[in-house]
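Trainee: Could you take me through one part of this model up close? I'd like to see how a few of its pieces sit together.

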Amino acid sequence: MAMEVTQLLLNAQSVDSTARKHAEETLKQFQEQNLPGFLLSLSGELASEDKPVDSRKLAGLILKNALDAKEQHRKYELVQRWLSLDVTVKTQIKTCLLQTLSSPAPDARSTASQVIAKVAGIELPQKQWPELIGSLLSNQQLPAHVRQATLETLGYLCEEVSPDVLEQDQVNNILTAVVQGMNAEEGNNDVRLAATRALYNALGFAQANFNNDMERDFIMRVVCQATLSPEVKIRQAAFECLVSISSTYYEKLAPYIQDIFSITAKAVREDEEPVALQAIEFWSSICDEEIDILEDYGGEFIADSDVPCYNFIKQALPALVPMLLETLLKQEEDQDQDEGAWNLAMAGGTCLGLVSRTVGDDIVPLVMPFIEENITKPDWRQREAATYAFGSILEGPSPDKLIPIVNVALSFMLTALTKDPNSHVKDTTAWTLGRIFEFLHGSTVEIPIITPANCQQIITVLLQSMKDAPNVAEKACGALYFLSQGYGDVGASSPLTPFFQEIVQSLLTVTHREDAGESRLRTAAYESLNEVVRCSTDETAPMVLQLVPVIMMELHQSLEAQKLSSDEREKQSELQGLLCGCLQVVIQKLGASEPTKYVFLQYADQIMSLFLKVFACRSATVHEEAMLAIGALAYATGADFAKYMPEFYKYLEMGLQNFEEYQVCAVTIGVVGDVCRALEDRILPYCDGIMTQLLKDLSSNQLHRSVKPPIFSCFGDIALAIGENFEKYLMYSMPMLQSAAELSAHTSGADDEMIEYTNLLRNGILEAYSAIFQSFKNSPKTQLLIPYAPHILQFLDSIYMEKDMDDVVMRTAIGVLGDLADTLGSNAGSLIQQSVSSKDFLNECLSSDDHLIKESAEWAQMAISRAISV
């Protein structure tokens, strides 16, 4: 088979599609019929020097894919499959892989490095392959190309396994080898580069080493030396290490920060762009750290915070700000047209924005002279840089500091937006206006920057700019979005009312521009239109009503288009998503007050039939937007929504079955809740199907975990809608809730992300319990719930003991205690009195600063005292 495998691997890369398909099929059959033989022949191919590089590389790639997959459940299957292989087969494969690290062919070495790391990721946590790290480290005396491959392998290995898998002495040995490879004395640049990249992955393992002053000094010295290497890739990799160190070991940086400033400043001013970008990224990363610390501890350093704020940014300000302002002048000619553009000027502006958020008012006097000096210069680069600098410092400083400056700048910027001859300057000016409206306009700002005197001019300029080049028009739409948002809670009359018709018409015109597909322009126009509608007042309701047939017509036309190419179909589906999103906002707006709701409902049948047509030409993005819009329609139509259920139900079921696109599944679960609230017990005929699907979703290991909390809340929505009819589902739903409750009760050792998810899960479970108890209140079937009460009280005890509930969970939890007492009465009274922590929990909630928690607790206290006194 050996010769044949080589040929198959070459054919699988052939330009001839028939040969390629045949080869892929044969390889697939070989894998299914004889997995050990298949993996052995691949590892043999990869290790064999007389085979072509192309077949060796693909052999390694297929081997790697046989060990790992993106989807969690598939990855788990592949791991189990590898672990169950015969030991001798695995040993042979691993020998071939290690042997390949000495291959003269760089591609074969690099592929082998990745595969070794994947095997290590499976075996080391199982305490298998204990000799691996020792045998890799013994390669350090061998020729340069072997050392390079070994360091690359160690780097990948650190990426694959978690720090707790390696013993500290193994970590020390790896770091010693890596730091040696990085040393300036290392003559071979390939080795030095592989070592620097390996250090980047190994930093997460170096906790103990960074706690030791001597070891940390040594690592920092080697990294800083590598930033001065004559080889650009090594300098870039070394700065990437510094960026990682800045976030992982922020609290250890004080002794080095002065030197790092000198190194980064030199790189930003003189080095090639990839290196300079990383040097700026170092300071952006420090800002992120300090912003987090200051937000967590409210600006005042508190003794019990984990990490003090060293105010590195504040100390570096006088030198850091001028360095960043210089970068703003290094723009690229076409950066506004290229969506993925990232260059020195953009990185510098982004960092300046973060510095502004870190230090607040202190940045303003350092940036204003640059703005004043450059804003009227004949060279567009200077005008654009000055505008960008101004836009970047609008978040962070206090309104008191900024508003006087903005009042002077506003009319200048409005003129620039229409009159400046340069598109870059207009683009940045429109963006800056958007930032002014986002941060300095709205009910929370005491001194309004938009007044009856300038409102007309602002709107005229923005609407004029929407006719400009797509990138400028897109930013103008963004500015209008924030302008509207600032008037979101003005009450009965909005300053935008006189311009409403004109604004809506201009935005609709933008969506029809030939070039609306560029620079996200069409999307921005619809987002802006949605915000204008959302923030409108009753005065403009008749005009919002007129919008309904317009958007319906657009949606109808988009459904008529026939025989589209796949590219056109994608654009069509994106447009349908935008139109459904717009209808959703309009439905919510008009449905919110009785008079407009009554008039709007004449369109309900036609709208629903359009949404069903959107489902019929099935595409995930549209599916999601149409689903959300139907949720809004159900809320607006109430019990009348029942007439749409026979046709809509199959799509609801499809959404609940959509494991792959889990966002669609999550949205559909939310809509089930909307429909339950609208139909109440008229949803009953559909409940068997819905509950069956929800239970399937919960027991699936393919469904993304984020969808599980809303499923539990959805049980509650169904129970509230059908009341005691939920009886038939208790035997299925309660055990599911119980086992999830047990899992979510204990979080010791979990990271922040896990604790956040656990709280979401707890809240979903508690919402379900609460609703199920409420739905059986005053029913003769109440006694069916008594057997579940001890478990629920135990769950409340255990999450109270864990002390990591967030406020939302606390409120729901104390509500459940009240519901239990309220529904079960005296049956619950004695159980609650016996419960370990109910009393403490109740007292803690009664004295909470959060008035919602306090309110729930007062209600629960009354319900409990009623239950106990019976």
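**A close look at the helices**

Mentor: Let's start with Val614, which is found in helix 30 (residues 604-616); helices here are DSSP runs of H or I, at least four residues long, numbered from the N terminus. Keep in mind that this is a predicted model, where local features need pLDDT of at least 70, side-chain atom pairs count only at pLDDT 80 or more, and totals for chains, interfaces and linings use all residues. Residues are numbered from 1 along each chain as its sequence is written, and side-chain values use heavy atoms, leaving out hydrogens and water. Val614 counts as buried because its relative accessibility is 1% (buried means under 20% relative accessible area, with a 1.4 Å probe and protein chains only). Between Val614 and Ala626 there are 7.2 Å in space, C-alpha to C-alpha, though they are 12 residues apart in sequence.

Now hop over to helix 40 (residues 826-834), whose buried residues are Ala828, Gly829 and Ile832. They sit on the same side of helix 40, because they cover an arc of only 115 degrees around the axis (the arc of the directions from the helix axis to the C-beta atoms). An α-helix has 3.6 residues a turn, so residues three or four places apart point the same way. And what covers those buried residues of helix 40? The cover includes helix 38 (789-802), helix 39 (807-824), helix 41 (838-846) and helix 42 (851-869), with contact meaning heavy atoms within 4.5 Å.

Notes. Helices (H or I, at least four residues) and strands (E, at least two) are DSSP runs, numbered from the N terminus. Buried means under 20% relative accessible area, exposed over 50%, partly exposed in between (1.4 Å probe, protein chains only).
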